[in-house]
Amino acid sequence: MKLATQTTVKTLGDYAYQAIEKHFKKTLKWEKSVKKDEDPEALHQMRVGMRRLRTAVTRFGLAVDVPKPVSDKNIGKIARRLGNLRDLDVLKESLENNYKPNLPRKEQESLQTAFTALAKQREDVQSSVQKTLNDESYKSLKDALDNWLEKPSYQPLASVSIQQVLPDLLLPEVSNFLLHPGWLIGTEIVESEVKIQKNWKPKKIEKQLTTEGESLHSLRKEAKRIRYQMELFTDLYGESYAAYITEVKSIQEILGTMQDSAVLTDWLADVYKSEIQTELPTFANLLTENRYQSWQQWQPLQERYLKTETRHSFHLTILHPLSGVIS
């Protein structure tokens, strides 16, 4: 199958090729720096590149015919290793910049125990990243992608106009996102209508997050998935589509802040072998306050996305890509 030139991108195959090429190149661009462990930003960029590459390969799977090493499982494994290291860098940054300056001297000194544990943990995870970037499965993934980009192979659907299939590609993702059970946390259903529970005290929110935190974390992952996929097609839609991407990103970030706070609390409890309220009371109160603030930011978005009009409007936006060839 002959690809259209870059200025007349119009088939599903063209979009698949461009997305895979773009994110593969981005991943490779940062590889050397990550191997040298010289810049946290390089690690962040390579991790994002690998995650987006995974989205491109899996979501365009119905159009491309990629070699076996270019599998969701293989890319996912490498992305997770990079992610584990990046999570520790974010943890350190958060401790240093967001929390330590706001603690009394005694708790700042006590925090040294956490920094020592973090450095040791990072050393172990860094060595696992080095091993991953030097092993056969990573090399075979790179070789296979190089070969495929040189001589791409497609499935019949790749020849179809992108506008024709785009809604069918995106709508199942939108449905998965909107039907996620995480939307119902902190609500009650009265006569088939979902009502948001408002004005909760911090204690009640803490209890809810303890029991339902995993579901919100899962919704966050769903938000990230749909955002990555939608961002592949921004040039084929208008302002309404861009606004939905912005909102989905906000949902992802707010839920991410809640999750990071919960992870930090558990991690500190593990390091100090006790509830952090005992060792670091000011810190524990700061974490609770941050989760409370995130909950306040989350509820208006939750309420908006539980409305029938918002959901229908989201679907309608996806159903109407711009017509004509986009350069």
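Colleague: First up, E222: buried or exposed?
Modeller: E222 counts as buried, because its relative accessibility is 12% (buried is under 20% relative accessible area, exposed is over 50%, and partly exposed is in between, with a 1.4 Å probe and protein chains only). This is a predicted model, where local features need pLDDT of at least 70 and side-chain atom pairs count only at pLDDT 80 or more, while totals for chains, interfaces and linings use all residues. Residues are numbered from 1 along each chain as its sequence is written, and side-chain values use heavy atoms, leaving out hydrogens and water.

Colleague: Where does E222 sit, and what does it touch?
Modeller: You'll find E222 in helix α8 (helices are DSSP runs of H or I with at least four residues, strands are runs of E with at least two, and both are numbered from the N terminus). Leaving aside residues up to four places away in sequence, E222 touches N176, F177 and H180, where contact means heavy atoms within 4.5 Å.

Colleague: And A242, where's that one?
Modeller: A242 belongs to helix α9. It is partly exposed because its relative accessible area is 38%. Its C-alpha atom is separated by 32 Å from that of K142, 100 residues apart along the chain.

Colleague: How do α8 and α9 pack?
Modeller: Helix α8 covers residues 202–230, and it packs with α9 at an angle of about 145°, their axes 8 Å apart (axes are lines fitted to C-alpha atoms, for helices over the stretch in contact, and angles run from 0 to 180 degrees between N-to-C directions). The α8 and α9 crossing is left-handed, as the near helix is turned anticlockwise from the far one by less than a right angle; clockwise would be right-handed. Among the contact residues are L209, L216 and R220 of α8, plus Y241, Y244 and V248 of α9. By class, this contact of α8 with α9 has 13 nonpolar, five polar and five charged residues (Ala, Val, Leu, Ile, Met, Phe, Trp, Tyr, Cys and Pro are nonpolar, Asp, Glu, Lys and Arg charged, and the others, Gly among them, polar).

Colleague: Which residues make the contact between α9 and α12?
Modeller: Geometry before residues! The axes of α9 (residues 239–272) and α12 (residues 308–319) come within 9 Å and cross at roughly 125°. That makes α9 oblique to α12 (under 35 degrees is roughly parallel, over 145 roughly antiparallel, 65 to 115 roughly perpendicular, and the rest oblique). The contact is made by S240, Y241, Y244 and V248 from α9, with T310, S313, F314, T317 and I318 from α12. Those residues split into five nonpolar, four polar and no charged.

Colleague: What about α3 and α6, at what angle do they pack?
Modeller: α3 (residues 72–99) and α6 (residues 136–150) pack at about 120°, with axes 11 Å apart, and they are therefore oblique to each other. N74, I75, K77 and I78 in α3 meet S137, Y138 and L141 in α6. That contact of α3 with α6 divides into four nonpolar, two polar and one charged.

Colleague: Zooming out, how many helices and strands are there?
Modeller: The protein chain has twelve helices and two strands. From the N terminus, the order is α-α-α-α-α-α-α-β-β-α-α-α-α-α. Of the 327 residues in the chain, 46% are buried.

Colleague: What box do the C-alpha atoms fill?
Modeller: Roughly 65 × 55 × 25 Å, taken along the principal axes.
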